[in-house]
Amino acid sequence: MPAILGVGFAVLLLIGTPVAIAIGGASLLSMVLSEGIPLEVGAQRLVAGLRSFPLMAIPLFILAGSLMNDGGITRRLIDFAYAAVGSIRGGLAAVNILTNMIFGGISGSSVADASATGKILIPQMVKRGYTAGFAAALTALASTIAVVIPPSINLIIYGVTAEVSIGSLFFWGLYIGVAFGFVYILTAYVLARIKGYPAEDRVSRRELLRTSKDAVLALMIPVVVLGGIRFGVFTATEGGAVAVLTAVILGGLVYRELTWAKVKKSMNEALMLIAAIMLIIAMAQLYAWALVTGGIPSMVADFVLGISDNPVVILLVINVLFLLIGMVLEGNAAIIIFTPILLPVALAVGIDPVHLGLIIVINLAIGLLTPPVGISLLITTRIAGIPLQESVREAIPWLGVAIALLFAVTYIPLLL
Amino acid sequence: MKRISNLVANTLLFVAGVLITISTVSLLIQVVSRYFFNAPTVWSEELAIFCFVWSTMLAVPVAFLRREHIVIDFAVNALPKGLQRLVNPLTDLICAVTLGVIGFFAVRLLEAADRQSLSGLTMLFKSTIPLSSLYLAIPVGCALSVVLILYRIVAPIPAPDPVAEAITSAETEV
Amino acid sequence: GDGEDGGAAGEEIHWRLGHSYGPESLENRSAERLADNLEKASDGKITVEIFPSSQLGSWEEMQEQMEVGSVDIVIESIGSVERYTDLAGIEGVPFLYEDADHYFETWDSDLGDEIMQAIKEDSGFLLTGAIYRGPRILNSTMPINNLADAEGLKIRVPNQETYIQTWQALGTAPTPLSFNEVFSGLEQGAIEAQENPVNVARFNSFYEVAPYIANTNHLYGSNHFQLWGETYDGWDEETRAMYDEAVDEVSTWSREVALEELDDNVAFLEENGVTFADVDRTEWVEATLDIVDSADPKVQEWVAQIREG
Ligand code: NA
Ligand code: NA
C-alpha cells in the first residue's frame with residue numbers, strides 16, 4: 001500500500017497532524033489495507049524504536065545541552081569566542097560561528113543552539129550595524145554546524161539505521177564540521193569587507209586570559225566527550241551520560257549556577273524535546289517496516305539503478321533528493337525513512353556507507369535553513385523580529401556556500 | 001480541571017525525570033566498572049533502556065497535553081481562520097485514534113513479551129523480569145496520551161508557538 | 001503471513017522470511033534456495049519473500065513477529081532463543097566439541113533431535129535444518145599462541161553472561177561492545193581481539209587491523225530456519241512434508257558450501273597476511289570446565305552426553 005504511505009502521510013502532515021502521528025497513522029493505515037499483517041507489529045515497531053541502545057544517546061545529549069544552558073556554560077563559551085575572534089573584520093559574525101562550533105561539540109541538535117546563541121548575539125550584531133536579516137541568516141547557518149560536529153543526533157540515527165560505526169561517522173563529522181566552520185568564518189570576513197561590517201575592539205590580553213580561564217573547563221567538555229568516544233573509552237550513548245555528568249558538575253559545583261530549580265526546569269524542557277523527537281523516531285520505525293514489506297526500497301533501487309550505475313550520477317540524485325526532502329521533512333524522520341531506500345542503491349555502486357551518511361546529514365543540515373520548514377531560520381528570524389523573506393534573502397549566499405561545501409564533501413572522496 | 005491536568009502533567013514529568021536520572025547513573029556505572037575495574041556489568045545497559053523507555057512514554061502524554069509535538073503548520077496557517085478552527089480537533093482526533101490503536105495492539109503483544117526474560121535485569125534482581133514489564137510502557141503511555149488529548153479537545157488549551165517558546169526558554173537561560 | 005493457515009489444496013501460500021545477514025551471506029543464499037525448492041515442489045503455490053539485513057527488525061523482533069504472525073521464518077542460531085528457554089544455553093557451552101566431525105555427529109544423531117524437540121516444547125519455536133557457521137576463532141591484533149598470551153587481552157564479546165564468564169575464566173578482559181563498533185575499536189586499540197567464525201574476520205575487514213587468528217574453536221554453531229511451532233503444527237501433512245524435504249536439501253547443500261568456503265576464507269586471509277596459530281586446547285578446556293555448572297540441569301546432562309561422544 002505504498003500510495004497510503006505517500007499520499008496519506010502528506011495529507012496528514014499538511015492538515016497539521018503532529019509529524020510523529022502523521023508517520024505512524026499512515027503506516028498503520030497501510031498495514032490495515034495490506035493483507036495478512038497483524039497490527040501487533042505496529043506496536044512492536046514502536047517499542048523497537050525506543051529500546052535501542054545506540055539511540056539512547058539522543059535523550060542524553062538533549063539533556064546535557066539543556067543543563068549546559070542553565071548552568072552558565074553557554075554564556076562562558078560566547079565570552080571566550082568574543083575574546084578570541086571578535087577583533088577580526090566582521091568579528092561578531094566570527095564569534096557567532098565559533099560559539100556554535102564549540103557548542104556543537106556538546107549539543108546534538110541545532111534547535112537549541114539557534115535559540116541560545118541567537119538570543120544573545122543577534123541584538124548585539126544589529127546594534128553594531130549588521131542588518132537583522134544578515135544576523136538571523138548567519139546564526140541559523142552557524143547553528144547547523146551542530147548536526148555535523150559530533151555528538152550529532154542525525155549521525156547517530158543514520159549509524160543505527162545503516163548499521164555503520166557511529167564512531168567513524170563522528171570522526172569524519174568532526175573534521176567536516178570544523179572545516180565548514182572555518183569556511184563560514186572566512187565567508188563572513190569577505191562579506192564583512194564588502195558590506196563594511198566592523199571589527200570589535202581587541203580585548204586586553206588580561207581579558208582574553210580571564211575569559212579563557214573561565215571557559216577552559218567548559219571547553220574541556222567536548223574534548224572529554226568526543227575524545228572518550230573516539231578512543232573507545234565509552235560508546236556514544238555512554239558519552240551522553242558522561243556529558244550529563246560533566247554538565248551537572250561544572251554548572252552545579254564549579255560555576256555554581258545550576259540550582260535545584262534550574263535542574264528541574266532543564267529536565268522538564270529536555271523531556272518535552274525528548275518526547276517530541278523520540279516519538280517521531282519510534283513512529284518512523286513503523287513506516288520503514290511498512291515500506292520494506294511493501295517492496296518499496298527494491299523498487300526504488302531498481303528504478304534509480306536503471307537510470308545510471310555511475311556513482312557520480314547516483315550521488316547527484318541523492319543530493320538533489322535530500323535537498324528537496326530537507327525543505328519539508330524533519331531530519332530524523334527523513335533519515336529513518338529514506339536510508340533503507342537509498343542505502344542499497346549506494347552500496348550497489350560502491351559508495352561507502354559512512355560517506356553516504358555524512359552527505360545525507362549535511363543535506364538535512366542545509367534543510368534547517370530552507371523554507372517552508374527550516375526550523376533554525378524560523379527561530380532566528382523570530383528573534384530578529386523581521387519578516388521571513390528578509391532573512392531568506394540574506395540566507396541565499398550562505399546557502400550557496402553550504403551547497404558548494406556539500407558538493408565538495410560529496411565528490412572529493414571519489415577523486416582520492 | 002486545569003489544576004488536575006497540571007498535577008497529572010507534573011507528576012508524570014517528575015517520574016520521567018527520576019527515571020532518566022537512573023538511566024544516566026546506570027550508564028556511568030557501566031563505564032566505570034568496565035573501563036576502570038575491568039568488570040563489565042550485564043544489567044546496566046538493560047536497566048538504562050528500561051528506565052528510558054518508561055521515561056519517554058510518560059513524557060509523551062504531557063507533550064500531547066501541551067502541544068509540544070512537532071507540527072508542520074505552514075499549510076494550515078494559509079487556510080482561512082474559520083477552517084483553521086476545525087483542523088485542531090480533527091488532528092487531535094487522529095492522534096487519539098492512532099495512539100489508541102497502537103496501545104490496544106501493544107496490550108495484545110504483552111503475551112509474547114511475557115514469555116521472554118530481560119536477562120540483565122533478571123540477574124540484577126535475582127528473579128525473572130519479563131520483557132512485558134518494559135513493553136507495558138507503550139499501552140500505558142498511549143492510554144495516558146489519549147486521555148490527555150481528549151481532555152484537551154474538551155478544555156482547549158491554546159497551542160504554544162514552538163518558535164516563541166524556544167526563544168523564551170533561551171531568554172531565561174542567559 | 002498471508003497464508004498463515006497454509007494448507008487446503010490450490011490455496012496460494014505466501015511466506016515472509018527474515019534474517020539479519022547480508023545479501024551475499026550463506027544464510028541469504030540458503031534462504032533463496034529454500035524459496036526455490038518450495039516453489040518448485042508446490043508448483044508455484046508456495047512463494048517465499050526474503051528480507052535480509054534486518055530489514056524487518058532485529059532478530060529478537062523478528063522472532064516476536066513470527067509469534068504474532070507477520071513473519072513466517074527467521075534464520076538464527078539456537079542461542080537466539082535463550083531468552084525464552086535456558087535449554088538454548090547448550091550453544092554457549094565453550095570447548096564442547098573436539099572438532100567439526102564431533103559437532104556434526106552430535107547434531108545428526110538422535111540427541112540433536114531430542115534437544116530441538118525440548119527447545120520447541122519450552123520456547124514455542126521450532127528450529128529446522130542447519131546452515132553451518134564454522135567454529136569460532138580468536139582474532140587479535142597481536143599473536144596469541146597459548147593461554148598465557150591471552151592474559152588480560154581486551155576481547156570484544158556480545159553482552160551476554162556466558163560469553164563474559166567464559167572469557168573471564170580464560171583470564172582475558174572481556175569487553176561488551178556492539179558489533180558495529182568492532183572495526184574501529186580494533187583500529188584504535190579500545191579492544192585487542194574479537195571472536196567469531198572466520199568468515200566474519202574476512203567480510204568485515206577485521207583482518208586488516210587484527211591480522212592474527214588463533215584456532216581456539218571454542219564454539220561450534222549453525223543457523224536454523226526457525227518457525228513458530230504452532231504454525232508448523234497447523235500446516236497440513238502435505239505442506240509439512242514439502243517443507244521438511246526442502247529444508248533438508250538446503251541443509252545438505254549448505255554444509256558442503258560452508259566447508260568449502262571455510263577453506264577458501266582461510267586461504268584468502270593467509271594470502272592477505274593473516275597468521276593462523278593452532279593452540280593446545282587442553283589448557284583452554286580446563287580453564288572453562290566450570291562454566292557449565294551454572295547451566296540448566298538438562299543442559300548439563302546433554303553436555304555430559306556430548307563430551308562422552
Ligand atoms: Na553536535
Ligand atoms: Na527545510
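## A salt bridge between chains B and A, and what surrounds it

In this predicted model, the side chains of B:Arg108 and A:Glu40 meet in a salt bridge, with nitrogen and oxygen 3.0 Å apart. The pair crosses between chains, running from A:Glu40 in helix 3 (residues 40–50) of chain A to B:Arg108 in helix 4 of chain B. The rule finds two salt bridges across the interface of chain B and chain A, and the count over all chains comes to 20.

How many residue pairs are in polar contact between chain B and chain A? The count is five, with both residues of each pair at pLDDT 80 or more. On the side of chain B that touches chain A, at least two residues each are supplied by helix 1 (2–36), helix 2 (44–65), helix 3 (74–77), helix 4 (81–114), helix 6 (132–135) and helix 8 (162–173) of chain B. Sorted by class, that side of chain B has 43 nonpolar, twelve polar and seven charged residues. Taken as a contact list, the interface brings 62 residues of chain B together with 60 residues of chain A.

The size of an interface is often given as the accessible area lost when the parts come together.

UniProt, in an unreviewed entry, places the feature "transmembrane region" at residues 12–35, 47–65, 86–109 and 129–151 of chain B. For residues 12–35 of chain B, the model gives a span that is 100% helix and 0% strand, its end C-alpha atoms lying 35 Å apart. Residues 47–65 of chain B are likewise 100% helix and 0% strand, and here the end C-alpha atoms are 28 Å apart.

For chain A, an unreviewed UniProt entry places the feature "domain: TRAP C4-dicarboxylate transport system permease DctM subunit" at residues 8–414. In the model, that span of chain A is 79% helix and 0% strand, and its end C-alpha atoms lie 38 Å apart. A local backbone feature of chain A is the cis peptide bond from A:Pro150 to A:Pro151, where omega is near -5 degrees. A:Pro151 has its place in the loop between helix 8 (132–143) and helix 9 (153–162) of chain A.

Chain B also meets chain C, and this second interface can be described in the terms used above. Here 14 residues of chain B are in contact with 17 residues of chain C, and the two chains bury about 1,300 Å² between them, 48% of it on carbon and sulfur atoms. Which residues of chain B lose the most area to chain C? They are B:Pro40, B:Arg115 and B:Gln116, which together account for 41% of what that side buries.

The rule finds one salt bridge across the interface of chain B and chain C, along with seven residue pairs in polar contact, both residues being at pLDDT 80 or more. By class, the side of chain B that touches chain C has seven nonpolar, four polar and three charged residues.

Within chain C, C:Ser53 has a phi near 55 degrees, which is a positive value in a residue other than glycine. C:Ser53 is found in the loop between strand 2 (46–51) and helix 2 (59–68) of chain C.

It remains to consider confidence. The model scores ipTM 0.88 and pTM 0.88, while chain C averages a pLDDT of 92, with 97% of the residues scoring at least 70. Confidence in chain C is lowest in helix 6 (residues 182–188), at a mean of 85, and highest in strand 9 (residues 212–215), at 98. Over residues 1–8 of chain C, however, pLDDT stays under 50, although the model has 25 contacts beyond four places in sequence for these residues. Where pLDDT is low, the predicted coordinates should not be read in detail.

Methods. Residues numbered from 1 in each chain as written. Chains lettered and ligands numbered in written order. Heavy atoms only, no water. Contact = heavy atoms within 4.5 Å. Buried area = accessible area lost by both parts, 1.4 Å probe. Salt bridge = Lys/Arg side-chain N within 4 Å of Asp/Glu carboxyl O. Polar contact = N/O pair within 3.5 Å; in protein donor to acceptor, adjacent residues only side chain to side chain. Nonpolar A, V, L, I, M, F, W, Y, C, P; charged D, E, K, R; others polar. pLDDT = per-residue confidence, 0-100. Helix = DSSP H or I, 4+ residues; strand = E, 2+ residues; numbered from the N terminus. UniProt positions renumbered as here; feature names shortened; annotations may be inferred.
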